[in-house]
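The following questions and answers concern a single protein chain and its three-dimensional model.

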Amino acid sequence: MLKKIVLVCAAAITLTACDTTTMGTGTNLQEAGWLLVAKNDERSEFYIRKAEGVPGTVYWETIRTSDSEFVFQREYDCKNRRYRDLIAPVERTKGLRLKHRNKEWAPMSSLIPDSAPAYIADMICSGRIVPYAT
């Protein structure tokens, strides 16, 4: 129960660090310590940030477009090549919470090959986190 309270508090702090006035620019996320790691053809930007005070390989991840921003917390079990979402994705600008699909451990092979989420998982588990070259 205490772990859930801590995660909810951390989510509130993390979400507060994001400001809709710079929506789509990434400026406020980068100033708050987020790292832009990927972009795709649909103009989506993918950011990560190591979850502070949480043991293991746990990261906050954000998928941002010009009109939406999804934030979630994901844990990686690199040794066993699996992941799970500790917090269901929240569409921060509209206050919507999406279905918690990856609550249980899922194999990394279930991520679409050559997609940004698969790239992020590989990057985190390899220990070589590389910022996106703009």
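Q: Which residue does a disulfide join to Cys78?
A: A disulfide is a covalent bond between the sulfur atoms of two cysteines; here the criterion is a pair of cysteine sulfur atoms within 2.5 Å. By this rule the count comes to 1 disulfide. With an S to S distance of 2.0 Å, the partner of Cys78 is Cys125.

Q: On what basis is the model described?
A: This is a predicted model, in which local features need pLDDT of at least 70 and side-chain atom pairs count only at pLDDT 80 or more, whereas totals for chains, interfaces and linings use all residues. Residues are numbered from 1 along each chain as its sequence is written, and side-chain values use heavy atoms, with hydrogens and water left out.

Q: How many residues apart are Cys78 and Cys125, the pair that links distant parts of the chain?
A: Helices (H or I, at least four residues) and strands (E, at least two) are DSSP runs, numbered from the N terminus. Cys78 lies in the loop between β4 (69-77) and β5, and Cys125 in helix α3.

Q: What is the handedness of the link of Cys78 and Cys125?
A: The angle about the S-S bond is -80 degrees. The link of Cys78 and Cys125 is therefore left-handed.

Q: Is Cys125 buried, partly exposed or exposed?
A: Buried means under 20% relative accessible area, exposed over 50% and partly exposed in between (1.4 Å probe, protein chains only). The relative accessible area of Cys125 is 24%, so Cys125 is partly exposed.  Cys78, with a relative accessible area of 24%, is likewise partly exposed.

Q: Which residue in β2 is the bridge partner of Ala38?
A: Two strands pair if DSSP finds at least two bridges between them. Strands β1 (residues 35-39) and β2 (residues 45-50) run antiparallel and are joined by 4 bridges. In their hairpin, which has 5 residues between the strands, Arg43 takes a positive phi near 70 degrees. Within β2, the partner of Ala38 is Phe46.

Q: Over the face of which residue does Arg82 lie?
A: A charge sits over a ring if NZ of Lys or CZ of Arg is within 6 Å of the ring centre and within 35 degrees of the ring normal. The charged end of Lys50 sits over the ring of Tyr59, 5.6 Å from its centre. Arg82, at 4.3 Å from the ring centre, lies over the face of Trp105.

Q: Is Val90 buried or exposed?
A: Val90 belongs to strand β5 (residues 82-91). Because its relative accessibility is 12%, Val90 counts as buried.

Q: How many helices and strands does the chain hold?
A: From the N terminus on, the elements run α-α-β-β-β-β-β-β-β-α. The secondary structure comes to 3 helices and 7 strands.
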